[in-house]
Every structure is written in structure tokens, then in C-alpha cells.
Amino acid sequence: MNEWPKELQKIYGLEPLETDVLYPGQSNLINFEGKEYPVYDYCETLINCTGKVLATYSIDFYRNTPAIVEHSYGAGKGYYLACRTAYSFLGKFYEKIASEFVPEIPITKFNSRVSIQIRENKSEKYWLVQNFSDKEEKIELSCELVNLLEDVKDKGIVGLKPFESKVYKLCR
């Protein structure tokens, strides 16, 4: 069997040893943050793990061995999923890791028809808010912000007319 590329071993902080292919209809379980999630199709066994183990297998011969590993590499992180998980798990997993990278924003409530983009320089942050709906939408601000297009201060619940845009910055 060929060895896994050295560069990938460095990025993920591990080496896959072998892959256990599961039969159709067969599943296994992983434990992630105290909750068990099903896995299907395959489960890899890993060796030489230098990263942080986020999930372990719950049953079978690889019980308590790493299933998901986080490894710091350079200025970033690599995440290795050694098994095929269900979408129910992936949603929770990606939400957890994305929360580490998503900047805090002072706009706390909005929906999928409202887009919020952040632009920043060394001294200021700007939030560009756009309503992509043909109906009025509402957003909620967690603090007072300067509405640069209207030269007013907004706070609390703010309405956005159909297809309206607003540009905000923090009050200073």
C-alpha cells in the first residue's frame, strides 16, 4: 500500500492506516461533544495523530480511536473526517468550526433574503446590508450604528424596503 503524501500528513497531523468499508445498510457511530452520530460507507483508522481529536468511534474494533481530528498548521487549521457522516452531523460540525471564523457583527437578527457583507480597514469596520426581497424585511441591531447613506443613527429593529441597501459603521 502506498504511503499517504507527507505534506498532507503535516497539514492534518495524522496518517490514515486503513479504511474499513462498511456493507450497504451497515453503520457505525462517532461521539462528538458527548452526542453520538451515525456514520456510513467507510471508517478509517488513523495513526500518529498530533492534532486535537474532536470525535472518536463509539463501537467496533476502533472504539475510542480518532474519527475527526483538528490540526493547527501555519496560520490556519486542517480538519480531517475519517468517516462518512450524515447531514445531521455535518450541519452541527460546520456550524461549530465556522463560529470560530465568523466575525461578530452588531446585526443580530436577519433572514436569508438579507445579505450582510463586512468591509474593513485598519481603523474602521463597515457593514453593507442589502435586502434582496421584493418585500420589506427587518433586521435587529444589537447596538447603535451610524447609517452612512442617510446620515442618521439606527438602533433596535430597523426596516429595509424592498431591494434597499444600508451601510453602517459603529458609533464613535
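User: Is Asn64 buried or exposed, and what is its relative accessible area?
Analyst: This is a predicted model, in which local features need pLDDT of at least 70 and side-chain atom pairs count only at pLDDT 80 or more, while totals for chains, interfaces and linings use all residues. Residues are numbered from 1 along each chain as its sequence is written, and side-chain values use heavy atoms, with hydrogens and water left out. With a 1.4 Å probe and protein chains only, buried means under 20% relative accessible area, exposed over 50%, and partly exposed in between. Asn64 is therefore exposed, its relative accessible area being 57%.

User: Where is Asn64 placed, and what is its phi?
Analyst: Asn64 lies in the loop between E4 and strand E5 (66–73), where a strand is a DSSP run of E with at least two residues and helices are runs of H or I with at least four, numbered from the N terminus. Most residues other than glycine have a negative phi. Asn64, although not a glycine, has a positive phi of about 65°.

User: Which loop holds Asn48, and what is the phi of Asn48?
Analyst: Asn48 sits in the loop between strand E3 (35–47) and strand E4 (52–57). Asn48 is exposed, since its relative accessible area is 54%. Asn48 is not a glycine, yet its phi is positive, at about 55°.

User: With which side chain does the side chain of Glu15 make a polar contact?
Analyst: Glu15 belongs to strand E1 (residues 15–21). A polar contact is a pair of N or O atoms within 3.5 Å, where within protein one must be able to donate a hydrogen and the other to accept it, and residues adjacent in sequence count only if both atoms are side-chain atoms. The side chain of Glu15 makes such a contact, at 3.1 Å, with the side chain of Asn48.

User: What is the nearest side chain of opposite charge to Glu15?
Analyst: Glu15 is buried and has no salt bridge, a term for a side-chain nitrogen of Lys or Arg within 4 Å of a carboxyl oxygen of Asp or Glu. Lys and Arg count as positive and Asp and Glu as negative, with His and the chain ends not counted. The nearest side chain of opposite charge is 5.9 Å away and belongs to Lys6.

User: Which residue stands opposite Trp127?
Analyst: Strand E10 (residues 125–131) pairs with strand E13 (residues 165–170) in the antiparallel sense over 5 bridges, and pairing requires that DSSP finds at least two bridges between the strands. In E13, the residue opposite Trp127 is Tyr168.
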